[in-house]
Amino acid sequence: MAAAGLARHLSRGPFPTTLLSWLLYRRDKLGCSRYYRAAICRKLKVPLAIEEVPTRPIQPDEVRVGVHFCGVNFADILTCQGKYQESPSLPFTPGLELAGHVLEIGTNVSTVKEGDRVISVNNFSAMAEQCIVDQKKLWKIPDGISYQEAAALPASYGTALLALEQRAQTQPGETVLVTAAAGATGLALIDVASNILQAKVIAAAGSDEKCKLALQRGAKAAVNYSQGNLKEELKRLTGGQGVNVVIDAVGGDVCLDALRSLTWEGRMVVIGFAGGTILSIPSNLLLLKNVSAMGVYWTRYQKENFPVFSRCMSSALQYCQEGSIRPYIGGVFKLEEINDAFEQVTQRKTTGKVILSVK
């Protein structure tokens with residue numbers, strides 16, 4: 001509906017002139033707004049604000065996306081605290097991943113058209129009603145996948161596929177230890193390792209409740225590392241053989257016990273430090289069993305090896321459409337509740353993927 005038509009329509013109803021003026025000022029045409037709501041970080045380590053932000057024209061290779069849902073990641077929280085590897089200039093809108101539909105395309109765009117359902121991985125700016133992205137950072141959402149499910153895929157399943165396939169080269173029948181197993185990435189790792197790679201997963205988490213969830217989602221065994229000795233439990237569960245692959249997101253003593261639990265030519269992949277302590281790895285442990293320690297910085301692949309990054313995104317969508325994987329959404333918050341969402345994730349009160357509902 002054009003602006004004039006909208007004005008005629010609203011003038012018939014009980015809308016005050018002030019509201020009518022605001023609606024017309026905010027919107028050019030249905031679906032394309034002059035202003036849109038966005039979460040704004042104006043100062044580090046303080047709560048975010050929801051503000052009206054003016055749109056800008058898109059460039060020839062860019063696409064304007066109407067955001068339906070966006071993921072909440074620990075990286076978003078660290079960025080707003082000034083503790084992440086990448087530090088955007090203030091003010092900025094956080095958010096690495098989104099699911100939505102195409103509102104407008106640039107003159108050179110050939111990969112998508114208006115109305116297409118898409119996911120995107122962007123360097124910040126996703127936590128808003130609109131987001132402008134380069135066309136190569138978009139992947140179409142197949143039929144049968146909801147916007148909610150799609151928003152839960154990029155960071156968690158992208159990391160899982162890169163860690164298990166690209167880095168660890170996990171083989172069918174191998175035993176994989178996943179730490180922080182009840183988090184978004186932990187559950188994605190269990191899903192991919194069990195259902196795509198046919199590996200056996202031992203989950204490690206910080207409570208009995210989280211261990212129970214990991215078992216429900218496909219792990220063969222689970223260890224509560226807040227109680228007892230992780231290394232001894234892993235020795236018992238593997239009959240003294242150790243694990244082939246460790247995907248660690250905790251760091252500190254948990255990472256060290258996991259490293260010591262690797263079998264001959266085992267592989268450890270570090271994906272984060274949720275426990276707050278970065279381990280200095282004793283290099284003699286690598287030598288004694290010929291083990292490998294490596295890392296995955298998920299978003300860096302977008303710059304350094306885009307074909308691998310893109311393949312992981314496409315694979316995650318395909319596996320989800322086939323029903324081979326099922327993202328676990330542990331919480332949905334409104335955009336206005338972003339600070340509550342951040343607090344829940346920071347205090348580890350959530351399990352699975354937390355997403356923001358924007359529409």
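Residues are numbered from 1 along each chain as its sequence is written, and side-chain values use heavy atoms, leaving out hydrogens and water. In this predicted model, local features need pLDDT of at least 70 and side-chain atom pairs count only at pLDDT 80 or more, while totals for chains, interfaces and linings use all residues.

Helices (H or I, at least four residues) and strands (E, at least two) are DSSP runs, numbered from the N terminus. Helix α12 covers residues 306–322. At 1.5 Å a residue, its 17 residues should span 24 Å, and its end C-alpha atoms are 24 Å apart, which agrees. The expected span is 1.5 Å times one less than the number of residues. Buried means under 20% relative accessible area, exposed over 50%, and partly exposed in between (1.4 Å probe, protein chains only). The buried residues of α12 include Val-308, Phe-309, Cys-312, Met-313 and Tyr-319. The buried residues of α12 pack against β7 (117–121), β9 (138–140), α5 (154–167) and α11 (300–304); contact means heavy atoms within 4.5 Å. Gly-323 follows α12 and has a positive phi, near 85°.

Most residues other than glycine have a negative phi, and most peptide bonds are trans. Ala-180 has a positive phi near 50°. This residue lies in the loop between β10 (175–179) and α6 (184–195). Ala-180 counts as partly exposed, at 23% relative accessibility. Asn-290 also has a positive phi, of about 55°, although it is not a glycine. Its loop runs between α10 (283–288) and β15 (292–295). Asn-290 is partly exposed at 40%. The peptide bond from Leu-90 to Pro-91 is cis, with omega near -10°. Pro-91 lies in the loop between α3 (74–80) and β6 (97–105).

The structure holds eleven salt bridges. A salt bridge is a side-chain nitrogen of Lys or Arg within 4 Å of a carboxyl oxygen of Asp or Glu. Arg-42 pairs with Glu-51, the closest N and O atoms being 2.9 Å apart. Arg-42 is exposed, at 52%, and Glu-51 is partly exposed, at 23%. Asp-116 forms a salt bridge with Lys-140, at 3.8 Å between the closest N and O atoms. Asp-116 lies in the loop between β6 and β7 and Lys-140 in strand β9, so the pair ties together parts that are 24 residues apart in sequence. Arg-37, Glu-129 and Glu-336 are linked in a network of salt bridges.

Arg-217 is buried yet has no salt bridge. The nearest side chain of opposite charge, Asp-191, is 4.6 Å away; Lys and Arg count as positive and Asp and Glu as negative, with His and the chain ends not counted. Arg-217 lies in the loop between α7 (208–216) and β12 (221–224). Not counting residues up to four places away in sequence, Arg-217 touches Leu-187, Ile-190, Arg-326, Pro-327 and Tyr-328.

The structure holds one cavity of 30 Å³ or more. On a 1 Å grid over the protein atoms alone, a cavity is a set of points where a 1.4 Å probe fits but cannot get out; lining residues have an atom within 4 Å of a point. Grid points are joined across faces, edges and corners, and a volume is the space filled by probe spheres set on the points. The largest cavity has a volume of about 50 Å³. Its lining includes Leu-187, Arg-326, Pro-327 and Tyr-328. Helix α6 gives the most to this lining, with three residues.

Terms used. 1 Å grid on protein atoms, 1.4 Å probe; cavity = no way out; pocket = protein on both sides within 12 Å on 5 of 7 lines; lining within 4 Å.
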